[in-house]
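User: Hello! I am new to this structure and would like to learn how to read some of its features. Could you walk me through them?

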Amino acid sequence: MFRSQAARELACLLDVDPDVESWTCLPTILTAGAAAHVPDFAVIRSTGSVLVDAVPTDASVPPPWVRGAADEAGHGYEAHAEADLREGFRLDNARDLLRYANHRISLGDRVRLLTMLEEQGPMPLAACMQVIRDGRDPIGVIAAMALRRFVEIDLDEARIGPETRVSRCHD
(Lines give C-alpha, C1' and ligand atoms only; values in the text may rest on other atoms or scores of the structure.)
Protein backbone atom coordinates (compact mmCIF):
# COMPACT_ATOMS: atom_id res chain seq x y z
CA MET A 1 0.00 0.00 0.00
CA PHE A 2 2.96 2.34 0.58
CA ARG A 3 5.13 3.20 -2.38
CA SER A 4 8.31 3.56 -0.33
CA GLN A 5 9.82 2.80 3.04
CA ALA A 6 9.78 6.55 3.72
CA ALA A 7 5.99 6.58 3.22
CA ARG A 8 5.61 3.60 5.59
CA GLU A 9 7.65 5.44 8.21
CA LEU A 10 5.62 8.60 7.78
CA ALA A 11 2.43 6.54 8.26
CA CYS A 12 3.80 5.33 11.61
CA LEU A 13 4.36 8.93 12.65
CA LEU A 14 0.89 9.99 11.48
CA ASP A 15 -0.64 7.21 13.61
CA VAL A 16 0.88 8.66 16.79
CA ASP A 17 0.49 12.36 15.98
CA PRO A 18 -2.14 13.83 18.32
CA ASP A 19 -3.00 16.53 15.77
CA VAL A 20 -3.95 13.98 13.09
CA GLU A 21 -7.62 13.03 13.07
CA SER A 22 -7.32 10.65 10.10
CA TRP A 23 -5.26 9.90 7.02
CA THR A 24 -5.59 8.01 3.76
CA CYS A 25 -2.92 6.63 1.49
CA LEU A 26 -2.51 7.61 -2.19
CA PRO A 27 -5.64 9.77 -2.01
CA THR A 28 -5.87 11.72 -5.26
CA ILE A 29 -4.18 12.68 -8.50
CA LEU A 30 -2.87 16.23 -8.82
CA THR A 31 -2.36 17.51 -12.35
CA ALA A 32 -0.77 20.46 -14.12
CA GLY A 33 -1.11 20.22 -17.86
CA ALA A 34 0.10 16.78 -18.90
CA ALA A 35 2.01 16.24 -15.64
CA ALA A 36 0.47 14.21 -12.82
CA HIS A 37 1.44 13.43 -9.23
CA VAL A 38 -0.16 11.24 -6.57
CA PRO A 39 0.69 12.38 -3.01
CA ASP A 40 1.49 9.69 -0.46
CA PHE A 41 -1.22 10.81 1.98
CA ALA A 42 -4.22 13.03 2.60
CA VAL A 43 -4.14 14.02 6.26
CA ILE A 44 -7.04 15.55 8.18
CA ARG A 45 -6.10 17.73 11.13
CA SER A 46 -8.28 19.99 13.23
CA THR A 47 -6.74 22.88 11.28
CA GLY A 48 -7.74 21.41 7.88
CA SER A 49 -6.59 18.95 5.28
CA VAL A 50 -3.13 18.61 3.82
CA LEU A 51 -1.63 16.41 1.12
CA VAL A 52 1.68 14.93 2.21
CA ASP A 53 4.61 13.27 0.48
CA ALA A 54 7.42 11.28 2.05
CA VAL A 55 10.53 11.88 -0.03
CA PRO A 56 12.94 8.92 -0.03
CA THR A 57 16.65 9.69 0.15
CA ASP A 58 17.20 8.37 -3.38
CA ALA A 59 14.25 10.27 -4.92
CA SER A 60 13.81 13.81 -6.11
CA VAL A 61 11.55 16.29 -4.39
CA PRO A 62 8.08 16.51 -5.98
CA PRO A 63 7.90 19.21 -8.67
CA PRO A 64 7.15 22.78 -7.57
CA TRP A 65 3.73 22.82 -9.26
CA VAL A 66 2.44 20.19 -6.79
CA ARG A 67 1.97 22.75 -4.01
CA GLY A 68 -0.13 24.99 -6.27
CA ALA A 69 -2.21 22.05 -7.49
CA ALA A 70 -2.86 21.01 -3.88
CA ASP A 71 -3.93 24.58 -3.04
CA GLU A 72 -6.31 24.61 -6.03
CA ALA A 73 -7.83 21.34 -4.76
CA GLY A 74 -8.43 22.95 -1.35
CA HIS A 75 -5.56 21.31 0.55
CA GLY A 76 -2.28 22.38 2.02
CA TYR A 77 0.86 20.53 0.98
CA GLU A 78 3.88 19.15 2.86
CA ALA A 79 6.92 17.13 1.78
CA HIS A 80 8.98 15.33 4.42
CA ALA A 81 12.51 14.08 3.69
CA GLU A 82 13.21 10.50 4.75
CA ALA A 83 16.20 11.61 6.84
CA ASP A 84 13.99 14.01 8.82
CA LEU A 85 11.51 11.23 9.63
CA ARG A 86 14.26 9.21 11.31
CA GLU A 87 15.58 11.98 13.55
CA GLY A 88 15.20 11.50 17.29
CA PHE A 89 13.24 8.76 19.07
CA ARG A 90 9.69 9.30 17.78
CA LEU A 91 9.78 6.84 14.87
CA ASP A 92 11.29 3.99 16.91
CA ASN A 93 8.79 4.62 19.72
CA ALA A 94 5.91 4.75 17.24
CA ARG A 95 6.94 1.39 15.82
CA ASP A 96 7.09 -0.06 19.34
CA LEU A 97 3.57 1.19 20.13
CA LEU A 98 2.04 0.13 16.82
CA ARG A 99 2.83 -3.53 17.53
CA TYR A 100 -0.02 -3.31 20.04
CA ALA A 101 -2.59 -1.61 17.80
CA ASN A 102 -5.07 -4.51 18.09
CA HIS A 103 -4.39 -5.25 21.74
CA ARG A 104 -7.49 -5.73 23.89
CA ILE A 105 -8.10 -3.31 26.77
CA SER A 106 -10.49 -4.37 29.50
CA LEU A 107 -12.87 -1.80 30.92
CA GLY A 108 -11.46 -2.43 34.40
CA ASP A 109 -7.86 -1.78 33.34
CA ARG A 110 -8.86 1.34 31.43
CA VAL A 111 -10.83 2.79 34.35
CA ARG A 112 -8.13 1.93 36.91
CA LEU A 113 -5.34 3.55 34.89
CA LEU A 114 -7.35 6.66 33.96
CA THR A 115 -8.47 7.10 37.58
CA MET A 116 -4.89 6.83 38.85
CA LEU A 117 -3.64 9.34 36.30
CA GLU A 118 -6.50 11.73 37.08
CA GLU A 119 -5.79 11.56 40.82
CA GLN A 120 -1.97 11.42 40.73
CA GLY A 121 -1.13 13.27 37.53
CA PRO A 122 1.51 12.04 35.07
CA MET A 123 3.27 8.89 36.25
CA PRO A 124 6.22 6.76 35.11
CA LEU A 125 5.32 3.84 32.86
CA ALA A 126 6.53 1.37 35.50
CA ALA A 127 3.99 2.72 38.01
CA CYS A 128 1.20 2.59 35.44
CA MET A 129 1.95 -1.05 34.72
CA GLN A 130 1.13 -1.92 38.34
CA VAL A 131 -2.58 -1.07 37.97
CA ILE A 132 -3.10 -3.32 34.93
CA ARG A 133 -4.67 -6.53 36.24
CA ASP A 134 -6.79 -8.05 33.48
CA GLY A 135 -4.37 -7.85 30.57
CA ARG A 136 -1.60 -10.43 30.25
CA ASP A 137 0.75 -7.75 28.95
CA PRO A 138 0.57 -4.43 30.83
CA ILE A 139 2.78 -2.71 28.24
CA GLY A 140 0.38 -3.84 25.52
CA VAL A 141 -2.60 -2.42 27.40
CA ILE A 142 -0.92 0.95 27.98
CA ALA A 143 0.39 1.10 24.39
CA ALA A 144 -3.09 0.35 23.03
CA MET A 145 -4.54 3.05 25.30
CA ALA A 146 -1.99 5.52 23.91
CA LEU A 147 -2.87 4.59 20.32
CA ARG A 148 -6.58 5.04 21.10
CA ARG A 149 -5.74 8.38 22.74
CA PHE A 150 -6.87 7.61 26.27
CA VAL A 151 -3.33 8.33 27.52
CA GLU A 152 -0.29 10.16 26.21
CA ILE A 153 3.23 8.75 26.28
CA ASP A 154 6.25 10.97 25.71
CA LEU A 155 7.68 9.73 22.40
CA ASP A 156 10.34 12.39 21.86
CA GLU A 157 12.48 12.53 25.00
CA ALA A 158 14.00 9.02 24.84
CA ARG A 159 13.16 5.43 23.91
CA ILE A 160 10.13 4.23 25.86
CA GLY A 161 11.27 2.75 29.17
CA PRO A 162 10.27 2.40 32.84
CA GLU A 163 10.67 6.13 33.52
CA THR A 164 8.74 7.32 30.45
CA ARG A 165 5.96 9.67 31.56
CA VAL A 166 2.38 8.62 30.94
CA SER A 167 -0.43 11.15 31.30
CA ARG A 168 -4.14 11.21 30.70
CA CYS A 169 -5.32 12.68 27.40
CA HIS A 170 -7.60 15.67 27.76
CA ASP A 171 -9.53 16.78 24.69
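Analyst: Happy to! Keep in mind that this is a predicted model. Let us begin with burial: a residue is called buried when its relative accessible area is under 20%. Cys128 has 0% relative accessibility, so Cys128 counts as buried.

User: How many disulfides does the structure hold?

Analyst: The count is 0 disulfides. Cys25, for example, is in no disulfide, and its nearest cysteine sulfur, in Cys12, is 12 Å away. Cys25 has 14% relative accessibility, so this residue also counts as buried.

User: Back to Cys169: is this residue buried or exposed?

Analyst: Use the cut-off again. With a relative accessibility of 17%, Cys169 counts as buried. Its place is in the segment after strand S9, which covers 165-168. Leaving out residues up to four places away in sequence, Cys169 touches Arg149, Phe150, Val151 and Glu152.

User: Which strands pair with S9, and in what sense?

Analyst: Look for the bridges. Strand S8, residues 151-153, is joined to S9 by 3 bridges, and the two run antiparallel. Within this pairing, Glu152 has Ser167 of S9 as its bridge partner. Strand S7, residues 123-124, also pairs with S9 in the antiparallel sense, over 2 bridges. Opposite Met123 you will find Val166 in S9.

User: What is the order of the strands in the open sheet?

Analyst: A handy idea for any sheet is that in a regular strand the side chains alternate between the two faces. In this case, 4 strands form an open sheet in the order S1-S4-S5-S6, with mixed pairing. S1 (20-25) and S6 (76-81) stand at the edges with a single partner strand each, so one side of each is left without a neighbour in the sheet. From one strand to the next, the twist averages 25°.

User: How many bridges join S4 to S5?

Analyst: Strand S4 (residues 41-45) and strand S5 (residues 48-55) run antiparallel and are joined by 5 bridges. Arg45 stands opposite Gly48 in S5.

User: Where does helix H1 lie?

Analyst: Helix H1, residues 5-15, lies across S1, S4, S5 and S6, and runs at about 145° to S5. Helix H2, residues 65-72, packs on the sheet too, touching S5 and S6, and its direction makes about 145° with that of S6.

Conventions
Residues numbered from 1 in each chain as written. Predicted model: local features only at pLDDT ≥ 70, side-chain atom pairs only at ≥ 80, totals over all residues. Heavy atoms only, no water. Buried < 20%, exposed > 50% of the residue type's maximum accessible area, 1.4 Å probe, protein only. Contact = heavy atoms within 4.5 Å. Pairing = 2+ DSSP bridges. Axes fitted to C-alpha atoms, helices over the stretch in contact; angles between N-to-C directions. Disulfide = S-S within 2.5 Å.
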